Amino acid sequence: MEKARQPLRYVLSSVASWAVDTGLFFAFDLLFGTLLGVLAEPVCNVAARVLSSFFNFNVNNRLVFHSELPYGKALLRYYCLAIPQLAASTLLLTLFVHLFHAESAGASTAIKIAVDAVLFVASFFIQKFWVFSQRGNETNIEE
């Protein structure tokens with residue numbers, strides 16, 4: 001029964017983190033989009049993702065995966081996943097915003113939602129089997 005609850009908790013954690021991330025992205029793009037020009041999407045995406053990822057890590061660490069790894073070790077592993085995921089998200093977001101000429105904060109936010117949805121499933125498995133896994137505890141990544 002516990003194994004069935006974990007994906008549900010992950011989905012709920014991800015939805016909460018997505019709301020933080022998307023809300024911050026929309027707010028940053030609305031506030032700074034014109035000022036930043038062509039750099040608006042990447043800068044706003046990075047700023048929103050940095051803040052929402054820390055929230056997501058803490059929720060997943062304690063409530064989803066109940067990790068017993070040292071906090072620093074789990075955090076390092078998490079950001080080994082989060083940084084490439086952020087790079088992929090930012091590159092794809094920027095590409096599609098320019099490809100589809102998404103000029104408004106709403107249009108670029110819709111593209112961000114679609115891009116990040118595609119990255120969601122892979123992230124669950126990487127977090128489950130490596131980031132928060134005790135089985136992966138024998139790797140050489142130290143605190």
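Reader: Which residue's side chain meets D21 in a salt bridge, and at what N to O distance?

Author: R49, at 3.6 Å, N to O. A salt bridge here is a side-chain nitrogen of Lys or Arg within 4 Å of a carboxyl oxygen of Asp or Glu.

Reader: What kind of model is this, and how are residues numbered?

Author: It is a predicted model, with residues numbered from 1 along each chain as its sequence is written. Local features need pLDDT of at least 70, side-chain atom pairs count only at pLDDT 80 or more, totals for chains, interfaces and linings use all residues, and side-chain values use heavy atoms, with hydrogens and water left out.

Reader: Back to D21 and R49. Where do they lie?

Author: D21 lies in helix α1 and R49 in helix α2, so the pair ties together parts that are 28 residues apart in sequence. Helices are DSSP runs of H or I, at least four residues, numbered from the N terminus.

Reader: Are D21 and R49 buried or exposed?

Author: Both D21 and R49 are buried. Buried means under 20% relative accessible area, exposed means over 50%, and partly exposed is in between, with a 1.4 Å probe and protein chains only.

Reader: What about D116? Which residue does it meet at 2.7 Å?

Author: R49 again, through a salt bridge between the side chains. That pair links distant parts of the chain: D116 is in helix α4, R49 in helix α2, 67 residues apart.

Reader: And how far is D116 from K112, closest N and O atoms?

Author: 2.8 Å, in another salt bridge. D116 and K112 both lie in helix α4, four residues apart, about one turn of the helix. D116 counts as buried because its relative accessibility is 12%. K112 is buried too, with a relative accessible area of 1%. Salt bridges that share partners join D21, R49, K112 and D116 into one network.

Reader: How many salt bridges does the rule count?

Author: Four.

Reader: New topic. Which residues make up the largest nonpolar core?

Author: Twelve residues: Y10, F57, V64, F65, L69, A74, Y78, L81, A82, F124, V131 and F132. A nonpolar core is a set of buried Ala, Val, Leu, Ile, Met, Phe, Trp, Tyr and Cys residues joined through side-chain atoms within 4.5 Å.

Reader: Which elements give two or more residues to this core?

Author: α2 (40-64), α3 (71-99) and α4 (105-131). α3 gives the most, with four residues. Apart from this core lies another, of nine residues, including C44, A48, V97 and A102.

Reader: What is nonpolar on the surface?

Author: V11, V15, W18 and I113 form a patch with about 320 Å² of accessible area together. Patches are made of residues with over 30% relative accessible area and no salt bridge; nonpolar side chains (Val, Leu, Ile, Met, Phe, Trp, Tyr) are joined within 5 Å, like charges within 9 Å. Accessible areas come from the Shrake-Rupley method with a 1.4 Å probe; for residues, only the protein chains shown count as cover.

Reader: Which helix gives the largest share of the patch?

Author: Helix α1 (residues 2-36), with three residues. V15 is in helix α1. V15 counts as partly exposed because its relative accessibility is 47%.

Reader: N56 next. What does it contact, leaving aside neighbours within four places in sequence?

Author: S13, S14, S17, Y78 and Q127. Contact means heavy atoms within 4.5 Å. N56 is in helix α2, and counts as buried at 8% relative accessibility.

Reader: Last one. What pLDDT does the chain average?

Author: 89, and 93% of the residues score at least 70. pLDDT is the predictor's confidence in each residue, from 0 to 100. Over residues 139-143 the pLDDT is below 50; beyond near neighbours in sequence, that stretch has ten contacts in the model.
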